[in-house]
Amino acid sequence: MNVTELRPGNYFEDEDALYQVIDILLNKTAMRKMVAKIKVRNVRTGAITELARNSGYDVEQVSVTKQNMQYLYDAGETLVFMNPDTYEQIEIGKVALEREIPYLAPNGNVIVQSYEDEVLGIELPAKVTLEVVDTEPGVRGDTVTNGGSKDARLETGLTIKVPLFVNIGDKVLIDTASGKYDKRA
């Protein structure tokens, strides 16, 4: 596949690395070949870089398998996920999921991505529901000093800012892209 045909979300292999396209910009100037500036994420390492390739450059497009799975438990160095249809279980190393771990509550649904027989990682839902396990009580009229928010520790260990009316035991919706409080669940 020619690099000019790539679109955001496509996966391709180039120089023994597997990439996912985040953004692509095609630049054509007079007397030169078109240059594709591709912002990519290395799927194996998570590193985001920008590649520049001439329009005649070909890459191998690959198909990444996505499978709905449920997070079960922490097994020490790995996390265990289960396919709810077949009850097949897989383990993924914690190192590969550092960014996702604070949003994983037991029985939470995720999408596991794999290429051939290699598990690449997981895709979180846009929002997850987590329980507040520790926060200070909100004091009425205390909005001037701290902007109407307070720290709250969630069941996964993640600490976020929440409004003053949120209490211990409340379930809150968290945006997984920004890591911020969305609303009470």
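Author: Gln20 is found in strand β2, which spans residues 17-27. Please keep in mind throughout that this is a predicted model.

Reader: Is Gln20 buried or exposed?

Author: The relative accessibility is what decides this, and buried means under 20%. Gln20 has 17% relative accessibility, and therefore counts as buried.

Reader: Which residues is Gln20 in contact with, once its neighbours within four places in sequence are left aside?

Author: Gln20 is then in contact with Gly9, Asn10 and Tyr11, and also with Lys39, Val40, Arg41 and Val43.

Reader: How many aromatic pairs does the structure hold, and how should I read their geometry?

Author: The structure holds two aromatic pairs. The geometry is read from the angle between the ring planes, where under 30 degrees counts as stacked, over 60 as edge-to-face and the rest as tilted. In the pair of Phe12 and Tyr19 the ring centres are 5.5 Å apart and the planes stand at 40°, so this pair is tilted; both Phe12 and Tyr19 are buried. The rings of Tyr71 and Phe81 also have their centres 5.5 Å apart, with the planes at 50°, so that pair is tilted as well.

Reader: Which parts does the pair of Tyr71 and Phe81 tie together?

Author: Because Tyr71 lies in strand β6 and Phe81 in strand β7, the pair ties together parts that are ten residues apart in sequence. Tyr71 counts as buried at 7% relative accessibility, and Phe81 is buried with a relative accessible area of 0%.

Reader: What does the charged end of Arg53 sit over?

Author: The charged end of Arg53 sits over the ring of Tyr57, at 5.1 Å from the ring centre.

Reader: Which residues have the most contacts inside the largest nonpolar core?

Author: In soluble globular proteins, nonpolar side chains tend to be buried together. Here the largest nonpolar core has 26 residues, and those with the most contacts inside it are Phe81, Leu104, Ile122, Leu154 and Ile174. Several strands each supply at least two residues of this core, including β6 (65-74), β7 (78-82), β9 (109-115) and β14 (171-175), while the largest share, three residues, comes from β11. Apart from this core lies another, of twelve residues, among them Val3, Ala17, Ala36 and Val40.

How values were computed:
Residues are numbered from 1 along each chain as its sequence is written. This is a predicted model: local features need pLDDT of at least 70, side-chain atom pairs count only at pLDDT 80 or more; totals for chains, interfaces and linings use all residues. Side-chain values use heavy atoms; hydrogens and water are left out. A nonpolar core is a set of buried Ala, Val, Leu, Ile, Met, Phe, Trp, Tyr and Cys residues joined through side-chain atoms within 4.5 Å. Buried means under 20% relative accessible area, exposed over 50%, partly exposed in between (1.4 Å probe, protein chains only). Helices (H or I, at least four residues) and strands (E, at least two) are DSSP runs, numbered from the N terminus. Rings of Phe, Tyr and Trp (its six-membered ring) pair if their centres lie within 6.5 Å; planes under 30 degrees apart count as stacked, over 60 as edge-to-face and the rest as tilted. A charge sits over a ring if NZ of Lys or CZ of Arg is within 6 Å of the ring centre and within 35 degrees of the ring normal. Contact means heavy atoms within 4.5 Å.
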